Amino acid sequence: MRIGVLTGGGDCPGLNAVIRAVVRKGVKEYGHEFVGFRDGWRGTLEGLTMPLDIAATRGILPRGGTILGSSRTNPFKIENGVERIKENLATSGIDALIAIGGEDTLGVATKLDGLGVKVIGVPKTIDNDLNNTDYTFGFDTAVNIAVEAIDRLHTTAESHHRALIVEVMGRHAGWIALHSGLAGGAACILIPEQKFSVAKVCEWVESRFKTNYAPIIVVAEGAIPQDGDMVVKDETKDAFGHVKLSGIGEWLAQEIEIRTGKEARTTVLGHVQRGGSPTAFDRVLATRFGLHAITAAHEGDWGKMVALHGTDIVRVPLISATEKLKTVDLARYQEAEIFFG
Ligand code: F6P
């Protein structure tokens, strides 16, 4: 078979590990050929390809980003998008696709599967919010980057008797905030799933100061105050209808200064969370996803996504990945609350 591989949406550490595993096993064990589509769905729309063989994928296991490039192109928002993809696949002699992506990329893959394109999905996102997989690769790396930042911020916060707010990614799901806040000993964790009271946050800040520690507040970019709205940086929507978030950390710092009289500062981790080398956990998870994805393709089990259930890699219907978002439930959040304040 001749198989096209693409990576779409926000990049994330571990993408190259998937590509390497797909190609290595696909060539060595099954004798398949591969073509890389550049920049996600844009590559399939515009016929932008690159050679993808064992030589092209050597040495990429520890490299962040994606050798294929990525974009947030949505073929369903482009005139004749699906026809153009089908034509380009036929022109390049492609029998099937392996699409590595998050909710948007896999949402497109699901629709294309329904329209007769042979596709296997691989779940990626630092946000860990894809349904029907326990974890996505990239998440562990993002959490570790955030924890390192929190550890560093503790010492400067204490020297200056300041409250420090760390804003992490997470539009609708607070997994990065929850895990990094727990691992980093935060004075409180604010996630999109639970609206927060600014008065309560200020109580926790003051109680942390009383114990001679300086409070670190971890806030997800999509967290919403009880009496307010999501803070948006830019209302312009991308092809999948997302606005640009960020700003809640700065807003909260001002509120804390006004209400408690203590100095507060904000660190926005932003794209640092998505960059650089994947952790060992993410390299292993991404590699296993790649190995199982190529086997699913070899067996012609189209319309499936590889997923982590417990410690096993399984195949689930592609549609189940995106039919709802995997968010943090109340019980998981409440586990962390004992450490607040
Ligand atoms: O990949 C998902 C994500 O990390 C979100 O948490 C975040 O809002 C978004 O990417 C930002 O990505 P970009 O700036 O690339 O659009």
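Is histidine 242 buried or exposed? With a relative accessible area of 14%, histidine 242 is buried, where buried means under 20% relative accessible area, exposed over 50%, and partly exposed in between (1.4 Å probe, protein chains only). The model discussed here is predicted: local features need pLDDT of at least 70, side-chain atom pairs count only at pLDDT 80 or more, and totals for chains, interfaces and linings use all residues. Residues are numbered from 1 along each chain as its sequence is written, and side-chain values use heavy atoms, with hydrogens and water left out.

Histidine 242 is located in the loop between strand E9 (232-234) and strand E10 (244-245); helices (H or I, at least four residues) and strands (E, at least two) are DSSP runs, numbered from the N terminus. Its side chain makes a polar contact with the side chain of aspartate 104 at 2.9 Å. A polar contact is a pair of N or O atoms within 3.5 Å; within protein, one must be able to donate a hydrogen and the other to accept it, and residues adjacent in sequence count only if both atoms are side-chain atoms. Apart from neighbours within four places in sequence, histidine 242 is in contact (heavy atoms within 4.5 Å) with Glu103, Asp104, Arg171, Thr236 and Lys237.

Glutamine 273 sits in the loop between strand E11 (264-268) and helix H9 (280-298). Its side chain reaches the backbone oxygen of glycine 270 at 2.8 Å. When residues up to four places away in sequence are not counted, glutamine 273 touches Ile126, Ala142, Ile145, Val168, Met169 and Ile176. The C-alpha atoms of glutamine 273 and cysteine 12 are separated by 8.6 Å, although these residues are 261 residues apart along the chain.

Charged pairs come next. Side chains of opposite charge can pair when their charged atoms come close. The structure holds 14 salt bridges, each defined as a side-chain nitrogen of Lys or Arg within 4 Å of a carboxyl oxygen of Asp or Glu. One of them joins arginine 152 to glutamate 148 at 2.7 Å, N to O. Both residues lie in helix H5 (residues 139-160), four residues apart, about one turn of the helix. Arginine 152 is exposed at 55% relative accessible area, and glutamate 148 is partly exposed at 43%.

Another salt bridge connects arginine 315 with glutamate 299, the closest N and O atoms being 2.9 Å apart. This pair links distant parts of the chain, with arginine 315 in strand E13 (residues 312-317) and glutamate 299 in the loop between H9 and strand E12 (304-309), 16 residues apart. Arginine 315 is partly exposed at 33% relative accessible area, whereas glutamate 299 counts as exposed at 53%.

On the surface, Leu182, Ile338 and Phe339 form a nonpolar patch with about 340 Å² of accessible area together. Phenylalanine 339 is placed in the segment after helix H11 (330-337) and is exposed, with a relative accessible area of 53%. Patches are made of residues with over 30% relative accessible area and no salt bridge, like charges being joined within 9 Å and nonpolar side chains (Val, Leu, Ile, Met, Phe, Trp, Tyr) within 5 Å. Accessible areas come from the Shrake-Rupley method with a 1.4 Å probe, and for residues only the protein chains shown count as cover.
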